[in-house]
Amino acid sequence: MKFHYPELLHGGDYNPEQWMEQKDTIWKQDMQYAREAGINTLSIGIFSWAYLEPEDGVYDFSWMDEVMDNLAANGIKAVLATPSGARPAWMARKYPSVLRVTENRLNNVFGGRHNACYSSPDYERKVTEINTRLAERYKDHPALLMWHVSNEYNNDCHCPRCQERFRDWCRARYGTIENLNRAWWNSFWSHKYSCFEEIISPSSLGEEENVAHLLAWRRFSSDNLVRFFQTEIAPLRRITPDVPVTTNLMNTFSGLDYYALGRAMDVSSWDNYPDWRGDERDLKTARISAFHHDLMRGVGDQKPFLMMESSPSSVNWHTINPLRKPGTILYQGLQAIAHGSDSVQYFQFRAGRGGSEQYHGAVIDRTGTNRTRTFREVAEVGATLKQLKGVAGSETRNQIALLYDWHVRWAVEGAWMLHRHHERYVETVRDFHIELGRLGYGVDMVDELSDISGYKVLIAPMAYIMRPGFGEKLKAFVENGGTLITTYVSGYVNDELLTYMDADPSPINEIAGRHVDECDALDDRTFAHFVWNGKKYRVKEVAELSTLTTAQTLAVYADRFYATKPCFTVNGYGMGRCYYIAVRTDEDFLNDALRYILNEANLQPILPKLPEGTWATERYQEDGTRFVFVQNGTHEKKTVMLPKAMKDAVTGKMVYEQLEMGELSVAVLMDE
Ligand SMILES: [Zn+2]
């Protein structure tokens, strides 16, 4: 099901149960302020379980009825949550199995949030009961727009039930204990199991060094959570089959394969909290946010996603929580839209007077009024989004895909390898993303299970693990004319983390026309160099030494004991090419190499010659209407040269040739 609403959504988390005792005044004022701020959606019920079910089996929806009716009466849609992100104290007391067990085998006690055991039959039953009642009660309510399932799902549990499920997961994956022993290489360290009953979760109390065991546990924990999500949404699917389902994600959070979760929901959504500082550091922050937005869109199969949360002001949980410079909130919102979001939503609509998030930014802050700068800036976002109504539902049409895969990350980060557990996978993928932006290209994020056949270029940095079918998919992609760019440590191991050998070669070897002999780890005082097209570049951290079979050399090392060995190669394969970058380098090489390769692949940037610190993205409506978003991520004014006159979609005015951009801003342009 594709989520579609005819306007861009503007709103945020609304927790009116904090004001139950003043609802005659505060709740009324909330609706008035929401209208003033141009808010058309509010997310409710996220942490409301103690108010919806004050005692086991005793439900009270009367207040929620009133909230839903208020929203409907004010033309505001509800993103209605299931309350499983936090649970009532009575539940923890009565059903202790709902609480998680840590890897040190300690039982959690009541409190905090997000600490449930996803294998607890009590929890599953209580969640199913309340979700069923919520769906039954509000299935025909005019305010109901979509389901917000739980909140920021995360992390694993080591209780006996989860251990038993892990063993079942192993039984299903491996069939026999001999197969598991072979896959996990348990012939080493006398780790051979004689039966599945001997298998327990990794822990610092016991086994934490067998990479295959660790990866199996991460995969199981992720699968177990996706299974729980499917259990959570079962009553919603049954009772409200036409209401889309989402759950809010946290960009590169490592504990869960977001692509797997994304495939189980209708629309991807995520919580975006950049660490804005109001100075030149914001450029990096803006680029990281751009990467996160694209990743969250990728998790949702490139459909429009939702920025479910962001702060309309500062947060209260970064190390330092500075105020946002005027204009930052508008930039933050439009940046999300530029990368494919159909919403700008905040946490939270009205700040509480106490509790853990009393100083977190809110549309209505601790003054309780609409007379604040934050409120005015939020209202400005609301007015701007109204002007951009036509963007809603539009999608990207990028020709470049960039691989970011949670299994690769788990495998690389777990590996005892070059820089033990610090292989910088996320940063490496992000570096490619940043350079694509600097060159003016839009990019789609994919994982190894994604369909890549429609792209012209696939960039797969550090694609360490070959998940089932990925090698064949890469071969077909390049054979059919695709351009593959890959790097050091790609294709080292199969899906069980067993290294490829000469007798069982990595699929990457054939496509790249070379094989790896050795790989050097450089410390922060050791560098190598190479020259390409007359320019000298630095090698840092990783230097792979290869033997070429069919590949051609583009550059060789200039120094160290591996001088003259190839470090940048290209291989013709079928109708396509594979470029192999055997070294970790600086941004200058990534930029030059991508410029060269994308030019060879005949790909044109969205806008050529963008000034430093700016980048462009595109969204298309089905009828071909195109929106070009130009971002200035710096605190300096920028002039962007346009190849033709375009129309500013916010003001309706024409922009001729020169687009003048203020600091930290987004221009939305349309073809005229
Ligand atoms: Zn558990």
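Let's start with a quick one: is Trp 189 buried or exposed? Trp 189 is exposed, because its relative accessible area is 51%. For that call, buried is under 20% relative accessible area, exposed is over 50%, and partly exposed is in between, with a 1.4 Å probe and protein chains only.

Some housekeeping before I go on. This is a predicted model, where local features need pLDDT of at least 70 and side-chain atom pairs count only at pLDDT 80 or more, while totals for chains, interfaces and linings use all residues. Residues are numbered from 1 along each chain as its sequence is written, and side-chain values use heavy atoms, with hydrogens and water left out.

Back to Trp 189: you'll find this residue in the loop between α7 (177-183) and α8 (211-239). Helices here are DSSP runs of H or I with at least four residues, strands are runs of E with at least two, and both are numbered from the N terminus. Together with Trp 185 and Phe 188, Trp 189 makes a nonpolar patch on the surface, about 430 Å² of accessible area in total. A patch takes residues with over 30% relative accessible area and no salt bridge, joining like charges within 9 Å and nonpolar side chains (Val, Leu, Ile, Met, Phe, Trp, Tyr) within 5 Å. The areas come from Shrake-Rupley with a 1.4 Å probe, and for residues only the protein chains shown count as cover.

Now the metal. Which residues hold the zinc ion? Its protein donors are the SG atoms of Cys 117, Cys 157, Cys 159 and Cys 162, at 2.2 to 2.3 Å. Donors are N, O and S atoms within 2.8 Å of the metal (3.2 Å for Na, K and Ca), and since water is not among the atoms, sites may look incomplete. The angles among the 4 donor atoms run from 106 to 114 degrees, and the site is tetrahedral; for four donors, that label needs all angles between 85 and 135 degrees. In sequence, the zinc donors follow C-x39-C-x1-C-x2-C. Cys 117, in the loop between α4 (89-94) and α5 (121-138), and Cys 162, in helix α6 (residues 160-174), are 45 residues apart, and the pair links distant parts of the chain. Cys 117 counts as buried because its relative accessibility is 0%, and Cys 162 is buried too, at 2%.

On to salt bridges, meaning a side-chain nitrogen of Lys or Arg within 4 Å of a carboxyl oxygen of Asp or Glu. The count comes to 47. One of them pairs Glu 53 with Lys 126, closest N and O atoms 2.6 Å apart. Glu 53 is in the loop between α2 (49-52) and α3 (62-73), and Lys 126 is in helix α5, 73 residues apart. Both are buried.

Another joins Asp 342 and Arg 619 at 2.7 Å between the closest N and O atoms. Asp 342 is in strand β9 and Arg 619 in strand β21 (residues 614-620), so this pair ties together parts 277 residues apart in sequence. Asp 342 and Arg 619 are buried.

Last stop, helix α11 (residues 328-338): 11 of its 11 residues are buried, so the rest of the structure largely encloses this helix. Just after α11, Gly 340 has a positive phi of about 115 degrees.

Notes:
Tetrahedral: all angles 85-135°; square planar, octahedral: opposite > 155°, others 65-115°.
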